[in-house]
Amino acid sequence: MTNENIVELKNITVTFDGEKILDRINLAIKDKEFVTLLGPSGCGKTTTLRVIAGFVSPTEGDILFDGKAVNHLPPHKRQVNTIFQRYALFPHLNVFENIAFGLRVKKVPEAEIKKQVTDMLKLVNLSGYEKRNIAKLSGGQQQRVAIARAIINRPKVLLLDEPLAALDLKLRKDMQVELKNIQKSLGITFIFVTHDQEEALSMSDTVVVMNEGVIQQIGTPQDIYNEPKNAFVADFIGESNILDGVMKEDFLTSFSGREFTCLDSGFARNERVDIVVRPEDVDIVPEKDAMLLGEVTSVTFLGVHYEIIVDIGGFKWMIQTTDEQKVGDKVGLYIEPDAIHVMKKSKYSGMYGDYSTFSDEIEHLSDLEEDEN
Ligand SMILES: Nc1ncnc2c1ncn2[C@@H]1O[C@H](COP(=O)(O)OP(=O)(O)OP(=O)(O)O)[C@@H](O)[C@H]1O
Ligand SMILES: [Mg+2]
């Protein structure tokens, strides 16, 4: 029987100085999959990559490649290559020699090296740059040398630790597309790390959301966005209004002082839950058709739409709308059943999803601006 999982982490725990950095991580990665580890700084993303690469030994648990435990194998005996958070190119070698490095170590014949490096340069759009000094390349070009150097040995798995973090937005977007194309055309499994949720959603087959050394959710980008498991995930991925609610019965919930029809079921009767409503899913309607009434406390124009903050009984909602509203306007809100997502209570309940501090920040910023004028 073939095992379709190329990499598996089973109950991986890592403890540094008595502190749990990774806490029972379970993850199965399929051959040729693009998997992204996403989470805030310090949540354990790099440590997870280092466990897979073999630079960190777990305190507990197993790392499997093709179904076989590799805990005892040193990094160079695993079928992985890593692009580190800092590219770590050799400053004294030119572009050609940086890329050729892995082949020289393996004593590949010169003619073959020449051919393979030339192919790689073409793949990463750097043909003609062979003799360039590494220090004289732009950030994006260095990035592409790092990619070429990491994939020339055709690893089955490539680990990429925030490879695009140092690039400006435009270049970053271009490189996202290029990386994805390289991954598809070479059929390599990518395990990619980022703390940028948009990057994770746009590039990945599977997103793994981490916080405090614990996997919070594993799913497709659509799952993660539409069906967040808890308040942390809902808040970390996009903007969310997160409310304290009660599941009255299947398909009926209550929050903000009234009942709403929803599409969720399977909760206990009157179970306390967290409710997520995305800012783009709230409609502004005339008061007579409204489910909720509120007052606009802040308006920000963002080009495509306005982002407004609406106070409803003391809770501040974020709503995105293309209609212009003014601070102080009374507005009616309407929420379709499929715009309501119900989540189990978790340790993150009550920590996220009220935009009170957001509007305070905006007020503070506009106060500062007024002071300057
Ligand atoms: N060798 C080490 N010894 C002690 N603590 C460590 C060590 N390496 C990492 N840590 C700690 O483990 C936690 C997770 O670190 P890690 O580098 O995995 O985070 P990360 O998710 O990659 O963060 P970032 O987005 O900032 O790169 C941090 O609190 C870090 O300080
Ligand atoms: Mg890191």
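1. An oxygen atom of ligand 1 lies 2.5 Å from a side-chain N or O atom of Ser 41, a polar contact in the sense of a pair of N or O atoms within 3.5 Å, where within protein one atom must be able to donate a hydrogen and the other to accept it, and residues adjacent in sequence count only through side-chain atoms on both sides. Thr 46 places a polar side-chain atom 2.7 Å from an oxygen atom of ligand 1. For Glu 162, the separation between a side-chain N or O atom and an oxygen atom of the ligand is 3.4 Å. On its own, ligand 1 has 640 Å² of accessible area, of which the protein covers 60% (Shrake-Rupley method, 1.4 Å probe; for residues, only the protein chains shown count as cover).

2. On provenance, this is a predicted model, in which local features need pLDDT of at least 70 and side-chain atom pairs count only at pLDDT 80 or more, while totals for chains, interfaces and linings use all residues. Residues are numbered from 1 along each chain as its sequence is written, chains are lettered from A and ligands numbered from 1 in the order in which they are written, and side-chain values use heavy atoms, with hydrogens and water left out.

3. The shell around ligand 1 holds 13 residues, the closest being Ser 41, Gly 42, Lys 45, Thr 46 and Thr 47 (a residue is near a molecule or strand if one of its heavy atoms lies within 4 Å of it). By class, the shell contains 4 nonpolar, 6 polar and 3 charged residues (Ala, Val, Leu, Ile, Met, Phe, Trp, Tyr, Cys and Pro count as nonpolar, Asp, Glu, Lys and Arg as charged, and the others, Gly among them, as polar). Helix H1, residues 45-53, gives the most to this shell, with 3 residues (helices are DSSP runs of H or I with at least four residues, strands are runs of E with at least two, and both are numbered from the N terminus).

4. H1 itself is mostly covered, since 7 of its 9 residues are buried (buried means under 20% relative accessible area, exposed over 50%, and partly exposed in between, with a 1.4 Å probe and protein chains only). The buried residues of H1 are Lys 45, Thr 47, Thr 48, Leu 49, Val 51, Ile 52 and Ala 53. Just after H1, Gly 54 adopts a positive phi of about 100°.

5. Glu 162 sits in the loop between strand E7 (157-161) and helix H5 (169-186). Although buried, Glu 162 has no salt bridge, and the nearest side chain of opposite charge, that of Lys 45, is 4.2 Å away (Lys and Arg count as positive and Asp and Glu as negative, with His and the chain ends not counted). The side chain of Glu 162 does make a polar contact of 3.0 Å with the side chain of His 195.

6. For the chain as a whole, there are 9 helices and 20 strands. Of its 373 residues, 48% count as buried. The C-alpha trace spans about 80 × 55 × 40 Å along its principal axes.

7. Asn 241 belongs to strand E11, residues 241-249. Its side chain reaches the backbone nitrogen of Met 318 at 2.6 Å.

8. The salt bridges number 19 (a side-chain nitrogen of Lys or Arg within 4 Å of a carboxyl oxygen of Asp or Glu). One of them joins the side chains of Lys 156 and Asp 66 at 3.9 Å, N to O. Lys 156 lies in the loop between helix H4 (139-151) and E7, and Asp 66 in the loop between strand E4 (60-65) and strand E5 (68-69), so this pair ties together parts that are 90 residues apart in sequence. Lys 156 is partly exposed at 36% relative accessibility, and Asp 66 is partly exposed at 29%.

9. A further salt bridge links Lys 173 and Glu 198, with the closest N and O atoms 3.0 Å apart. Because Lys 173 lies in helix H5 and Glu 198 in helix H6 (residues 197-203), the pair ties together parts that are 25 residues apart in sequence.

10. Asp 244 and Lys 345 meet through their side chains in a salt bridge of 2.6 Å, N to O. Asp 244 lies in strand E11 and Lys 345 in the loop between strand E20 (341-344) and helix H9 (356-372), so parts that are 101 residues apart in sequence are tied together. Salt bridges with shared partners join Asp 244, Arg 272, Asp 274 and Lys 345 into one network.
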